[in-house]
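I hope they are handy while you look through it.

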Amino acid sequence: MTRRRAPRPAGEALRAVLADATPRTRLAAVQAVWAETVGERVAGVAQPLSEQEGTVVVGCADPVWAEELDLMQEQLLRGLRKRLGDQAPLALRFRANRS
């Protein structure tokens, strides 16, 4: 006779499923921690869009945000390295989204 396991809390099961379903790419890793790393205000106007050879392209609401975040690049990279280690981007490139 097989013994039944106790049910897991739904939140725990959902987190496990999402972790398994998340692509294991540098871009996905950055996207997963972006808002908590850069803060809600920045995340509201800038989102990681693509990655190539270690550089993550971040789309910004306008050119002013792109310039401001470019000036903050080292600070943002430090935060991402702290959270992601080897999965952190080597560089960030900011561009204004076209309307």
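1. Leaving out residues up to four places away in sequence, Phe94 touches Val58, Cys60, Ala66, Leu69, Asp70, Gln73 and Leu76.

2. Please keep the origin in mind: this is a predicted model, in which local features need pLDDT of at least 70 and side-chain atom pairs count only at pLDDT 80 or more, while totals for chains, interfaces and linings use all residues. Residues are numbered from 1 along each chain as its sequence is written, and side-chain values use heavy atoms, with hydrogens and water left out.

3. The protein chain holds 5 helices and 3 strands, taking helices (H or I, at least four residues) and strands (E, at least two) as DSSP runs numbered from the N terminus. In sequence order the pattern reads α-α-α-β-β-α-α-β.

4. The 3 strands make an open sheet with mixed pairing, in the order 1-2-3; two strands pair if DSSP finds at least two bridges between them. Strand 1 (46–52) and strand 3 (91–96) each have a single partner strand, so one side of each lacks a neighbour in the sheet. Val57 is found opposite Arg93 of strand 3.

5. Helix 2 (residues 26–38) packs on this sheet, where it touches strand 1 and strand 2, and its direction makes about 165 degrees with that of strand 1. Axes here are lines fitted to C-alpha atoms, for helices over the stretch in contact, and angles run from 0 to 180 degrees between N-to-C directions.

6. Which residues have the most contacts inside the largest nonpolar core? They are Trp34, Val58, Cys60, Leu69, Leu80, Leu92 and Phe94, in a core of 23 residues. Such a core is a set of buried Ala, Val, Leu, Ile, Met, Phe, Trp, Tyr and Cys residues joined through side-chain atoms within 4.5 Å. Helix 2 gives the most, with 6 residues.

7. Gln73 lies in helix 5 (residues 73–84). Is Gln73 buried or exposed? Gln73 counts as buried because its relative accessibility is 14%, where buried means under 20% relative accessible area, exposed over 50%, and partly exposed in between (1.4 Å probe, protein chains only). Beyond its neighbours within four places in sequence, Gln73 contacts Ala91, Leu92 and Phe94.

8. Across the protein chain, 32% of the 99 residues count as buried.

Conventions:
Contact = heavy atoms within 4.5 Å.
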